Each structure stands twice: as structure tokens, then as C-alpha cells.
Amino acid sequence: MILAPSHFTAALLFSLFASVVFGITQRSTSREQIRYGLYCFAMFAGGVFLAGWVMWILRR
Amino acid sequence: MADSLTNKKAPAAEEAKPSAPPVTVMSVLAPAIGWLIPGAGHLIQKRWIRGLLLMASIVTMFVLGLLMQGHVYQPNGGDILDILGFVGDVGAGGLYIAAQAMNWGQGAISHATADYGTKYLIVAGLLNFISVADAYHIAIGKKP
């Protein structure tokens with residue numbers, strides 16, 4: 001079985017898993033862990049969109 | 001006078017010195033088990049939800065990396081990027097050992113996003129290193 005997701009899907013999956021681990025390991029309480037995990041995911045996903053637009057501008 | 005100053009400062013200096021973390025069975029076992037089986041270092045310390053989430057994230061990431069035809073690095077002494085790739089991969093512990101034993105991640109790449117697979121495998125290992133450090137901090141009481 002071979003998996004070939006789009007770049008966007010692969011980047012979002014990457015963000016999800018990395019955010020879960022960052023959230024759990026970098027904060028102490030459950031509430032802080034959830035908040036930090038969501039923050040990391042938002043930063044990752046926002047970075048993907050930002051990089052996408054920057055590449056689009058550079059290409060034009 | 002220098003002696004008296006030194007004598008006066010000595011107790012304060014001793015107080016400021018951070019105490020070494022206690023070496024317990026758990027402080028050795030949790031990181032070792034956590035490296036071998038991602039998330040297990042938390043599970044043996046009864047951090048069930050954290051352990052299961054870490055395990056699910058790291059194992060899923062590693063398996064997705066393999067399914068995307070990511071490259072599993074062999075132990076090597078050549079190019080610096082290959083060495084770093086190996087260091088990242090080996091962080092996944094038992095998953096890396098299983099992949100090596102089954103000769104996974106060595107096939108010819110047939111699509112463009114396979115490089116994502118390689119990065120997934122490396123990052124799964126690196127995330128497991130963080131998870132191992134966290135399990136150790138819980139074991140020595142530095143983290144609840």
C-alpha cells in the first residue's frame with residue numbers, strides 16, 4: 001500500500017501530530033497542554049498558508 | 001581576609017548549587033521503555049491519556065512515513081545529512097528496529113511526495129526524543 005497525499009494534506013497531518021506532542025511535553029497542566037497544542041497547530045497551519053502565498057507571489 | 005570572605009560565601013554557594021535529580025528505577029526505566037515503545041514511558045507512570053496520545057501521534061507519523069515511501073536511513077559515517085537522518089530515525093526506537101528488520105523504507109521512490117515520508121520518519125523519531133525527555137522529567141518529579 002502506497003500513500004500519496006497532497007502537499008497540503010501532508011503538511012496538515014504533520015502539524016497535527018507535532019502539535020499533540022509539543023502540547024503534551026512542553027506544558028504541565030491539562031488546560032495549558034490543550035491551549036499550547038492548539039497554538040502550535042494554528043502556527044503550523046498559518047505558516048503553511050503564509051508560505052503558500054509567499055511562493056505564489058514569488059512565482060508571479 | 002580572603003579566607004574569611006571565602007568561608008562566608010561557601011554556605012551560600014552550596015545552597016545555590018542545584019541538587020542532582022534522584023536516580024530511581026523509574027528514572028532509568030521510563031526513558032528506556034519510552035524510547036523503545038513511544039508513549040510507554042508515560043504509560044508505565046500511569047499517565048494514560050498523555051501516553052496514548054503520544055503513542056498514537058508518533059506511531060501514526062512513523063507508519064504514514066513508511067506508507068509514503070519515506071527513506072529509512074541506515075547507520076552510516078558518510079554525508080552529514082545522512083548521519084543526521086539516521087540520528088532522527090533512530091529516535092523512534094522499536095519502530096526503527098522493526099523497520100530495519102523488515103527492510104522497510106529501502107524501496108525505489110515512485111512519487112513526488114515521498115520526501116514528505118522521509119521527513120515524517122525523521123520527525124517521528126525526534127518527537128519521540130522529546131517524549132522520552134518528558135517521561136524522565138515526570139519520573140524525577142520535575143513535572144506532574
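**Entry 1: a word to settle before I begin**

A helix here is a DSSP run of H or I that is at least four residues long, and helices are numbered from the N terminus. I also note that what I have open is a predicted model.

With that settled, I looked up Lys46(B). Lys46(B) sits in the loop between helix H3 (40-43) and H4 of chain B. Its phi is positive, about 65°, although Lys46(B) is not a glycine. Is Lys46(B) buried or exposed? Lys46(B) counts as exposed, because there are 9 C-beta neighbours inside 10 Å, and the cut-off for exposed is 12 or fewer.

**Entry 2: another positive phi**

I then turned to Gln69(B). Phi of Gln69(B) is near 65°, again a positive value in a residue other than glycine. Gln69(B) belongs to the loop between H4 and helix H5 (80-90) of chain B. Here I counted 22 other C-beta atoms within 10 Å, so Gln69(B) is buried; the threshold for that is 20 or more.

**Entry 3: chain B as a whole**

I went through chain B from end to end. I found seven helices and zero strands, so my note on the order of elements, from the N terminus on, reads α-α-α-α-α-α-α. Chain B has 144 residues, and 40% of them are buried. I also checked how far apart in sequence the contacting residues are. Among contacts in chain B with a separation of 6 or more, 70% join residues 24 or more positions apart.

**Entry 4: H4 against H7 in chain B**

Next I picked out helix H4 (residues 48-67) and helix H7 (residues 114-139) of chain B. Their axes are 7 Å apart, and the helices pack at an angle of about 160°. H4(B) and H7(B) are therefore roughly antiparallel to each other, since angles over 145 degrees count that way. The crossing in which H4(B) passes H7(B) is left-handed. On the H4(B) side, the residues making the contact include Leu54(B), Ile58(B), Met61(B) and Phe62(B). On the H7(B) side, they include Tyr120(B), Val123(B), Ala124(B) and Leu127(B). Sorted by class, this contact has eleven nonpolar, four polar and no charged residues.

**Entry 5: H5 against H7 in chain B**

H7(B) has a meeting with H5(B) as well. The axes of H5(B) and H7(B) come within 6 Å and cross at roughly 55°. That angle makes H5(B) oblique to H7(B). H5(B) passes H7(B) in a left-handed crossing. I listed the residues on each side: Gly85(B), Gly88(B), Asp89(B) and Val90(B) of H5(B) meet Leu121(B), Ile122(B), Gly125(B) and Leu126(B) of H7(B). By class, I get four nonpolar, three polar and one charged residues for this contact.

**Entry 6: over to chain A**

In chain A I looked at H1(A) and helix H2 (residues 30-59). Their axes come within 8 Å and cross at roughly 150°. H1(A) is therefore roughly antiparallel to H2(A). The crossing of H1(A) and H2(A) is right-handed. Among the residues in contact are Ala11(A), Leu12(A) and Phe22(A) of H1(A), with Tyr36(A), Phe41(A) and Phe44(A) of H2(A). This contact divides into 14 nonpolar, six polar and no charged residues.

**Entry 7: where the two chains meet**

How many residues of chain A are in contact with chain B? I find 16 residues of chain A in contact with 22 residues of chain B. On the chain A side, these are 13 nonpolar, three polar and no charged.

**Entry 8: the cores**

A reminder to myself: in soluble globular proteins, nonpolar side chains tend to be buried together. The largest nonpolar core in this model has 29 residues. Those touching the most other members are Val21(A), Ile58(B), Met61(B), Phe62(B), Tyr120(B), Val123(B) and Ala124(B). Helix H1 (7-26) of chain A and, from chain B, H4, helix H6 (94-101) and H7 each supply at least two residues of this core. Which helix gives the most to this core? It is H4(B), with eight residues. Another core, of ten residues, lies apart from it, and includes Ala30(B), Leu43(B), Ile138(B) and Ala139(B).

I followed up on Ile58(B). Beyond its neighbours within four places in sequence, its contacts include Val21(A), Pro38(B), Ala92(B) and Ser131(B).

**Entry 9: one last residue**

Ala98(B) is in helix H6 of chain B. Ala98(B) counts as partly exposed, because it has 13 C-beta neighbours inside 10 Å. I also compared its position with Gly117(B), 19 residues away along the chain: their C-alpha atoms are separated by 17 Å.

How values were computed. Residues are numbered from 1 along each chain as its sequence is written. Chains are lettered from A and ligands numbered from 1 in the order in which they are written. This is a predicted model: local features need pLDDT of at least 70, side-chain atom pairs count only at pLDDT 80 or more; totals for chains, interfaces and linings use all residues. Two residues are in contact if their C-beta atoms, placed from the backbone, lie within 7 Å. Axes are lines fitted to C-alpha atoms, for helices over the stretch in contact, and angles run from 0 to 180 degrees between N-to-C directions. Angles under 35 degrees count as roughly parallel, over 145 as roughly antiparallel, 65 to 115 as roughly perpendicular and the rest as oblique. A crossing is left-handed if the near helix is turned anticlockwise from the far one by less than a right angle, and right-handed if clockwise. Ala, Val, Leu, Ile, Met, Phe, Trp, Tyr, Cys and Pro count as nonpolar, Asp, Glu, Lys and Arg as charged, and the others, Gly among them, as polar. A nonpolar core is a set of buried Ala, Val, Leu, Ile, Met, Phe, Trp, Tyr and Cys residues joined through C-beta atoms within 7 Å.
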